[in-house]
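Hello,

Here is the structure I promised to pass on. Please open it and follow along with the notes below.

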There are 2 protein chains.
Amino acid sequence: MNFELELKKHTDEVEEMISRYLPAEDGFQKTVMEAMNYSFLAGGKRLRPMLMLETYRMFGGKSKVIEPFMAAMEMIHTSSLIHDDLPAMDNDEYRRGRKTTHIVYGEAMAILAGDGLLLFAFETASKAFMTEPKNPNIGRAIEVLASKSGIYGMVGGQTVDVELEGKPIPKEKLDFIYRLKTGALMEASMMIGAILAGATDSEVKRIAQVAANVGLAFQIEDDILDVVSTTEELGKPVGSDDKNHKTTYVTIEGVDAAAKEVETLSERAVEMLDSFVVKNEFLTELLFSLIHRKK
Amino acid sequence: MNFELELKKHTDEVEEMISRYLPAEDGFQKTVMEAMNYSFLAGGKRLRPMLMLETYRMFGGKSKVIEPFMAAMEMIHTSSLIHDDLPAMDNDEYRRGRKTTHIVYGEAMAILAGDGLLLFAFETASKAFMTEPKNPNIGRAIEVLASKSGIYGMVGGQTVDVELEGKPIPKEKLDFIYRLKTGALMEASMMIGAILAGATDSEVKRIAQVAANVGLAFQIEDDILDVVSTTEELGKPVGSDDKNHKTTYVTIEGVDAAAKEVETLSERAVEMLDSFVVKNEFLTELLFSLIHRKK
């Protein structure tokens, strides 16, 4: 399998599936729809919906019920980027080489576009009830979507991140931020894929742990690359964490210990994934690529 | 029936029901929970959950399945107030005599508290699946909750309101703002009450129209009171719309025509409500009180 080629194919597939759920830009309120779509279509790896789809396939899922949830997940992720970029938060003017939403549409509209995406995510996900009104897993999937995005998930992680900005961060809190701010949506993605495919409770639990380990390893790898990579390899300035006095796994415990943690987490994830009878080779490669990457 | 006394009793009942669903304030992320609860518990008439509960009762609903939806509705409403008060939006420092959320907790936390409430609303509503996993109406109720709050409802109305701030507003757009920004959540509340009680599609449609008429009448009455009331009666400064060059029904068509519209909408609502075989005397009085009020 040529992974890079496969990845490109899968990304295009996911892109096509999720873009179909975007709102039409019409009505007196069309500006908010434009702002939502501008942000949603700014690119990105579509990692979360891809993890969801591939986990769904791994557990034998075959219907279209997964699609609105894939789109919903990416909408929630996009909403968090819009609000994160606001002047009161990270105050970023560019993301992925394009002007951020509040720069193009103004702050008020960016706040509304973020809210609009969160709510449209649930409007979209609940459309799954129409195609499969008697599927009891849809309710559980919605619950996971909401809880892992909210105060016990992503928003909880953002909260601690915001509160500790510019301050030294103890390791247990850095761990909390990494697990919730980024990890929670990866967990939710794989859990929802498993739930909608009809996996057992124990399988859903174990797949969540796979995602949690990969998510954390992914974040620690980010810290390491900022130190050991070159600007050319990374495609963005290296050493920025040190320059910004940012607390990372590397500043807390050094490159070697951080690299060892990545290895441990990675091994644990691979072991767990191996313990399933069902397999999805592409998913395994994808998870592996997230941990062992050069950028 | 002494309406004022009944209203007080019902408000206390609703308050107790919905407060139970608030998050505990603990964990590293407890500040966002504090900010959410601070805003939620700032008071208010609890009109939306009350409309939901009474409509549910009108259609014979008797279970606890309505409660998480009542709490969810008030969370969404509260979220919209927090974000509306932000400097980039209305820039309000006080609401109901208390400092607004961003004044107390800072802007970043206010943004997160609003997001947290939106997501916690759906986490809370989806809890209804646990008590009644086979109730097919829960999915429909979640869909209404999301769509009437989002870009085709409340957020849609806020969008037009934000875009036209300080500009003259043509009547069809003012109508759009009134129907969506405030009306949509009242519609959703009554629709969800009916849906969860097992009302037919046609009944849900008609109850939505009752809510739409009352919601619009309520807003137009607001415009009229600003002109014809005294500061003492209203409990807040009168004439502020004129002073702020705000477009209202009164500035567009004058007090008399506006009052006539309120009458027409009110009559239509009463007629529709009368057409139902099922009755709820308190709900009828409540809707009437919203239209014919002195403050």
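Helix α11 (residues 201-228) and helix α15 (residues 281-291), both of chain A, pack at an angle of about 30° with their axes 8 Å apart. Axes are lines fitted to C-alpha atoms, for helices over the stretch in contact, and angles run from 0 to 180 degrees between N-to-C directions. The angle makes α11(A) roughly parallel to α15(A) (under 35 degrees; over 145 is roughly antiparallel, 65 to 115 roughly perpendicular, the rest oblique). Helices are DSSP runs of H or I, at least four residues, numbered from the N terminus.

This is a predicted model: local features need pLDDT of at least 70, side-chain atom pairs count only at pLDDT 80 or more, and totals for chains, interfaces and linings use all residues. Residues are numbered from 1 along each chain as its sequence is written, chains are lettered from A and ligands numbered from 1 in the order written, and side-chain values use heavy atoms, without hydrogens and water.

Who meets whom? From α11(A), A:V210, A:V214, A:A217, A:F218 and A:E221 meet A:L287, A:L290 and A:I291 of α15(A) (contact: heavy atoms within 4.5 Å).

Next pair: α8 (residues 137-149) and α10 (residues 171-196) of chain A pack at about 175°, axes 9 Å apart. That makes α8(A) roughly antiparallel to α10(A).

Last, α4 (residues 66-85) of chain A. This helix has 20 residues and reaches 29 Å from first C-alpha to last, close to the 28 Å expected at 1.5 Å a residue (1.5 Å times one less than the number of residues). In α4(A), 20 of 20 residues are buried (under 20% relative accessible area, 1.4 Å probe, protein chains only; exposed is over 50%, partly exposed in between).

Best wishes

Note on methods:
Helices (H or I, at least four residues) and strands (E, at least two) are DSSP runs, numbered from the N terminus.
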